[in-house]
Amino acid sequence: MLKKSYTGFVIWLIGFCAMMTLLAFLPTEDVGLIVRLLNNIMTIGIVILMFMIYKTEKVFWINGVSYEDAVEAGSERRRTYAMRYLKRFGIFAAGIFLYSFIAQMLQIPYGIDIAIGFVGIVACAFSTMRFKL
């Protein structure tokens, strides 16, 4: 039986905020590196959240899904639904990681990284709106 709880989400949120905050204390003045690390931590953090949702089947953590709908859907449908999110954000995170490595080596301006990170996450989020439980 699916138990309604947001404890795991709160723990993830605290850890995510802590990791993002720790970037401010890196002993470097390379803004491009910090932006690239920020993009990677942000996307990896989302993938970790989606993995947690997949493993626990707590799809009601995803906006637009109620606890009642999640219970009615059954385990297999919850896992399939969560896997679709995990794959979508996982592919984007892998792409950002690869891009960040190349961008750091080629010294591509970090403004491009910001734009890619923003547009990519928004595009992933919008692309998941068609997923139905």
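**Exercise 1. Check the length of helix α5 against what its residue count predicts.**

Step 1: Helix α5 covers residues 110-127, which is 18 residues. Helices here are DSSP runs of H or I with at least four residues, strands are runs of E with at least two, and both are numbered from the N terminus.
Step 2: The expected span is 1.5 Å times one less than the number of residues, so α5 should span 26 Å.
Step 3: The end C-alpha atoms of α5 are 25 Å apart, which agrees.

A word on the model: it is predicted, local features need pLDDT of at least 70, side-chain atom pairs count only at pLDDT 80 or more, and totals for chains, interfaces and linings use all residues. Residues are numbered from 1 along each chain as its sequence is written, and side-chain values use heavy atoms, with hydrogens and water left out.

**Exercise 2. Find which residues of α5 are buried, and where they sit around the axis.**

Step 1: Buried means under 20% relative accessible area, exposed means over 50%, and partly exposed lies in between (1.4 Å probe, protein chains only).
Step 2: Asp-113, Gly-117, Gly-120, Ile-121 and Cys-124 are the buried residues of α5.
Step 3: These residues cover an arc of only 90° around the axis, so they lie on the same side of α5; the arc is that of the directions from the helix axis to the C-beta atoms.
Step 4: An α-helix has 3.6 residues a turn, so residues three or four places apart point the same way.
Step 5: On the face turned away from the buried side, α5 carries the exposed residues Phe-118, Val-119 and Phe-126.

**Exercise 3. Place the helices in the whole protein.**

Step 1: The protein has 5 helices and 0 strands.
Step 2: Its C-alpha trace spans about 50 × 30 × 20 Å along the principal axes.
Step 3: Of the 133 residues, 36% are buried.
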